[in-house]
Amino acid sequence: MKRSAILLGTSLLGLLALGAYLLLGQGQGTADLCTNPPAAATGLTNEAILSLRIEDLKEGQGPQAITSNTVRVQYIGRLVDGKEFDSSCRPGRGPFEFTLGAGQVIPGWDSGIVGMRVGGQRRLIIPAHLAYGERSPSPEIPPGAALVFDVELLEIK
């Protein structure tokens, strides 16, 4: 009887520790951005966004991204009015991988993700000239639109 009580108590403590570990987001591969997305930015207009703005929403503790690194990120893309136009968090999608500084993404991303640490979340408020300019790739993004991306750096390869 005493042995089973000790075994039960130890098992419960182990489960509680595991739950706390996962709840605090310390598990490998967690993508907090997708499970707990930040509220959309407010009070922005296309005309008022003239340069790249970087806001760290959560400081990462891992390695720091530099130009030429291949990075894996989760992201949510919105227009300045808060309307979501794209997200790697949507069902059937997954993290996005690219090489920083190689021109594989819009210039606002190539500049705005440099310096992020793994585990960090950053908001990039990108003027139209560092996004798609007048050549929109999608009907959901008007020509000349400034864009807001919330990005979580998952991994540096």
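**Exercise 1.** Which residue forms a salt bridge with Arg123, and how far apart are the closest N and O atoms?

*Solution.* Keep in mind that you're looking at a predicted model.
- Step 1: Start from the idea that side chains of opposite charge can pair when their charged atoms come close.
- Step 2: Look around Arg123, and you'll find Asp150, with the closest N and O atoms 2.7 Å apart. The cut-off is 4 Å, so this pair counts as a salt bridge.
- Step 3: Now place the partners along the chain. Arg123 sits in strand β5 (residues 121–126) and Asp150 in strand β6, so the bridge links distant parts of the chain, 27 residues apart.
- Step 4: Check for other partners. Salt bridges that share partners join Arg78, Arg123 and Asp150 into one network.

**Exercise 2.** Find the bridge partner of Arg78 in β3, and describe how the two strands run.

*Solution.* 
- Step 1: Strand β2 covers residues 70–79 and strand β3 covers residues 84–87.
- Step 2: Three bridges join these strands, which run antiparallel.

**Exercise 3.** Work out whether Lys157 and Glu97 are buried, partly exposed or exposed.

*Solution.* 
- Step 1: The side chains of Lys157 and Glu97 meet in a salt bridge, 2.9 Å from N to O.
- Step 2: This pair links distant parts of the chain: Glu97 is in strand β4 (residues 96–99), Lys157 is in the segment after β6 (147–156), and they are 60 residues apart.
- Step 3: Lys157 has 53% relative accessibility, so it counts as exposed, since the cut-off is over 50%.
- Step 4: Glu97 comes in at 39%, so it is partly exposed.
- Step 5: Go back to Exercise 1 for contrast: Arg123 and Asp150 are both buried.

**Exercise 4.** Classify the ring pair of Tyr75 and Trp109 as stacked, tilted or edge-to-face.

*Solution.* 
- Step 1: The ring centres are 5.3 Å apart, and that counts as a pair because the limit is 6.5 Å.
- Step 2: The planes meet at 75°, so the pair is edge-to-face.
- Step 3: Tyr75 is in strand β2 and Trp109 in helix α3 (residues 107–112), 34 residues apart.
- Step 4: Tyr75 has 6% relative accessibility, so it's buried, and Trp109 is buried at 4%.
- Step 5: Zoom out, and ring pairs link Tyr75, Phe85, Phe96, Phe98, Trp109 and Phe149 into a cluster.

Notes. Residues numbered from 1 in each chain as written. Predicted model: local features only at pLDDT ≥ 70, side-chain atom pairs only at ≥ 80, totals over all residues. Heavy atoms only, no water. Helix = DSSP H or I, 4+ residues; strand = E, 2+ residues; numbered from the N terminus. Buried < 20%, exposed > 50% of the residue type's maximum accessible area, 1.4 Å probe, protein only. Pairing = 2+ DSSP bridges. Phe/Tyr/Trp six-rings, centres within 6.5 Å; stacked < 30°, edge-to-face > 60°.
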